[in-house]
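The sequence and structure come first.

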Amino acid sequence: MWRSLKSLLQYRGLIQALVSRELKARYRGSVLGFFWSFVNPLLLLLVYTFVFTVIFRPARIEGLTPYALFLFCGLLPWTWFSSSLLESSAVLSNNANLIQKVLFPADVLPCVNVFSNFIHFLLGLPILFAFLIYYRRPLNIYLLFFPAVILIQIIFTLGFAMFISSLSVHFRDIRDLLANLLTFWFFATPIIYPNTMIPERFRWVLDLNPMTHIMMGYQDTLFRGQLPHWKKLSVTFLVALALFYVGYFLFDRLRDSFAEEV
Amino acid sequence: MASAVVVENLTKLYRKYSQKRRFQTMKSALIRGDLFRQLRPEEVFLALEKVSFAVDKGETFGIIGSNGAGKSTLLKIIAGTLRSTYGKVVVDGRISALIELGAGFHPEISGRENIYINGIMLGLSKREIQRRYDDIVQFAELEEFIESPIKTYSTGMYLRLGFAIAINVDPDILLIDEIIAVGDEAFARKCLDKIKEFQWKKKTILIVSHSLGMINTLCNRAVWLKQGKIEQMGDPRRVVDAYLSHVAEKEERKLSRLHSQTLEKFALAEEAKLSEEAPPPATEYEKKRWGSREIEIREVKLLDKEGQERHIFTSGEPMEVRMTIYARNKIKDFVFGVGIFNSAGISCYGTNTHLEKLVPREISGEATVSFNIKRLDLIQGTYFLDVAAHQIDGTPYDYHRQLYTFRVQSLIPDVGVFRPQHKWSFSPNISFKKKQNKNKV
């Protein structure tokens with residue numbers, strides 16, 4: 001397994017090339033092209049803002065204004081997370097010709113998914129920062145934690161993507177299951193609501209969800225401008241590493257079966 | 001000499017597709033890292049069985065065998081795209097496989113970008129690709145179209161680009177699976193030249209091909225795979241000959257079965273005719289045989305020079321068409337004829353006793369007619385035989401229309417209808433290269 005992991009690192013160039021191919025191919029032929037990477041999150045934000053400030057109008061919770069900005073802090077990384085996973089549930093069978101016909105390291109494929117969605121995430125950031133500046137949020141020293149949170153999410157997502165992609169070769173049902181799971185997961189994570197809205201005695205349930213800490217990491221560093229709960233974040237980091245280990249181990253074990261099953 | 005590829009006891013099992021034990025593979029892969037231990041023998045298909053050989057550096061090695069013999073599986077395992085079930089493969093040097101050309105292309109992006117990505121997949125660095133880029137484009141003859149997305153390419157362009165990339169990565173070992181199918185005549189020749197250039201540079205080449213003539217001329221050694229096992233290995237001429245005679249034998253069995261089926265049908269139709277007053281409906285068979293049957297051709301045999309019945313002949317061999325005839329009464333007006341047609345229905349030759357100025361006197365009872373061909377100078381292919389007995393004015397006694405099939409085989413893929421006996425001669429200032437095998441053996 002460690003040897004495979006090392007060779008995966010050697011395929012950096014390939015991952016890079018495939019990510020850029022993915023991005024180029026995605027917008028080829030569309031009028032707006034790369035601009036969609038900015039427009040997509042903006043439109044998404046518009047929809048959520050409309051629903052939650054015009055229709056639902058949640059009771060004013062302290063420190064949640066402007067709500068759109070709060071929402072955006074969680075929505076952007078969540079989109080990255082969920083589309084990476086959804087794509088990786090089909091990535092191996094979609095690239096069957098590579099796996100069966102070319103000498104190709106299959107573990108590159110889920111990585112390409114995660115990283116190409118990461119690029120979209122990065123492209124959405126300027127919009128987020130523009131809003132932060134517009135609303136005069138305190139952009140302070142705690143912003144240094146922001147990359148750390150991103151790193152944790154990369155590891156967590158990669159591990160999960162490895163897990164999903166290798167299992168879905170054998171169980172096609174995972175694709176449908178996953179879509180529903182992600183919807184549930186979205187509402188079980190403080191993205192559209194702050195964790196303080198959850199009654200104290202149930203909050204431990206929320207704490208069991210690693211995505212809670214990642215999302216709160218973003219909200220703390222960007223929206224609230226305060227020190228994130230670094231203890232919980234460190235534990236999440238370890239959980240992410242463990243998940244990556246398990247996911248990659250599974251992938252490596254099932255690797256030989258891909259060529260025959262996809 | 002050092003070996004470039006060593007294959008040891010290679011066995012490859014495929015799981016037969018069944019819904020029932022689908023997850024078995026996954027379970028055993030997960031628990032033991034072994035895909036097949038838990039499958040019962042009837043659930044697997046043995047594609048390769050204990051195949052062992054070594055290919056020296058600089059050698060050109062041919063792999064032949066009928067469809068499904070495991071040739072491509074073997075090549076894919078050497079290339080690394082398939083994993084062997086048991087046994088091992090040791091490869092020394094960079095491999096480039098011309099197996100699935102252009103498999104890694106993405107249709108939406110341009111040929112140029114695809115060259116880069118494909119090159120990286122094949123293990124080149126960006127700089128190495130840059131250096132080879134012009135060669136690749138030039139070889140693929142795609143200068144005009146290189147900036148268009150691949151989805152606009154024709155099949156030939158697509159394959160040419162795949163071929164050009166694979167061959168320009170400068171491999172030490174080249175794996176080739178039926179490449180001559182790529183592109184038009186001119187491009188095929190260019191590929192062949194490139195292969196010869198590789199040979200000259202002392203690179204190792206493994207070729208899978210059904211073009212036995214190519215195996216004969218290109219390879220130093222060849223192996224014949226039969227149902228996943230090595231049947232014979234060594235000098236390509238010997239291996240190809242052994243393989244050809246095996247194929248001929250199989251074909252012979254098939255044709256002789258066909259022949260006896262024809263005879264059977266013929267006998268049955270005869271009985272039907274005798275037992276029933278009303279004529280049976282004109283079946284397809286009826287269209288192939290007609291006449292009054294006053295003279296009946298009861299049996300037709302194709303014989304070789306030893307008098308053995310055969311259905312496959314080598315071009316230039318003697319052949320005898322022997323007919324067993326039965327005349328119900330004494331008949332004074334009769335002609336025997338023979339016609340040979342190729343698979344396109346073109347008459348290659350036809351004659352009869354009348355045309356050859358034989359004047360009939362009398363026939364009665366059982367008799368034999370033999371048509372002896374001294375040299376069957378036909379080109380390779382399948383042929384149909386007409387035999388007939390009729391009156392001088394053409395009224396048929398018994399006409400058999402293309403009821404009999406035989407095949408002619410030849411190592412020379414010449415074209416046309418027949419092969420006149422011939423020889424080339426040249427003035428002394430023209431010379432030809434000797435075939436490679438000759439100086440090697």
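## Chain A as a whole

Among the contacts in chain A between residues at least 6 apart in sequence, 80% join residues at least 24 apart, where contact means heavy atoms within 4.5 Å. The model is a predicted one, in which local features need pLDDT of at least 70 and side-chain atom pairs count only at pLDDT 80 or more, while totals for chains, interfaces and linings use all residues. Residues are numbered from 1 along each chain as its sequence is written, chains are lettered from A and ligands numbered from 1 in the order in which they are written, and side-chain values use heavy atoms, with hydrogens and water left out.

Chain A has 12 helices and zero strands, the elements being DSSP runs numbered from the N terminus (helices H or I with at least four residues, strands E with at least two). Of its 262 residues, 53% count as buried; buried means under 20% relative accessible area, exposed over 50%, and partly exposed in between, with a 1.4 Å probe and protein chains only. The accessible surface of chain A comes to about 12700 Å², and 67% of that area belongs to carbon and sulfur atoms, as computed by the Shrake-Rupley method with a 1.4 Å probe, where for residues only the protein chains shown count as cover.

## Helix 12 of chain A

Helix 12 of chain A covers residues 230–261, and its 32 residues should span 46 Å at 1.5 Å a residue, which agrees with the 43 Å between its end C-alpha atoms. The expected span is 1.5 Å times one less than the number of residues. Helix 12 of chain A also bends by about 55° at A:Arg255, the bend being the angle between axes fitted to the seven residues ending there and the seven starting there.

## The sheet 2-1-4 of chain B

In chain B, three strands form an open sheet in the order 2-1-4, with antiparallel pairing. Its edge strands, each pairing on one side only, are strand 2 (44–56) and strand 4 (86–91) of chain B. Strand 1 (residues 3–15) and strand 2 of chain B are joined antiparallel over nine bridges, two strands being counted as paired if DSSP finds at least two bridges between them. Within this pairing, B:Val6 has B:Ala54 of strand 2 as its bridge partner.

B:Phe45 lies in strand 2 of chain B and is partly exposed, with a relative accessible area of 43%. Leaving aside neighbours within four places in sequence, B:Phe45 is in contact with B:Lys12, B:Leu13, B:Tyr14 and B:Lys16. B:Lys16 is 29 residues away from B:Phe45 along the chain, and their C-alpha atoms are separated by 6.2 Å.

## Strands 11, 13 and 16 of chain B

Strand 13 (residues 319–331) of chain B pairs in the antiparallel sense with strand 11 (residues 295–303) over eight bridges, and B:Leu303 has B:Glu320 of strand 13 as its bridge partner. Strand 13 of chain B is also joined by 10 bridges to strand 16 (residues 363–373), again antiparallel, with B:Tyr326 opposite B:Glu366 of strand 16.

## Lysines with positive phi in chain B

B:Lys202 has a positive phi of about 65° although it is not a glycine. This lysine, B:Lys202, is found in the loop between helix 6 (185–200) and strand 7 (204–208) of chain B, and it is exposed, with a relative accessible area of 63%.

B:Lys357, likewise a residue other than glycine, has a positive phi near 65°. B:Lys357 is placed in the loop between strand 15 (347–352) and strand 16 of chain B, where it counts as exposed at 72% relative accessibility.
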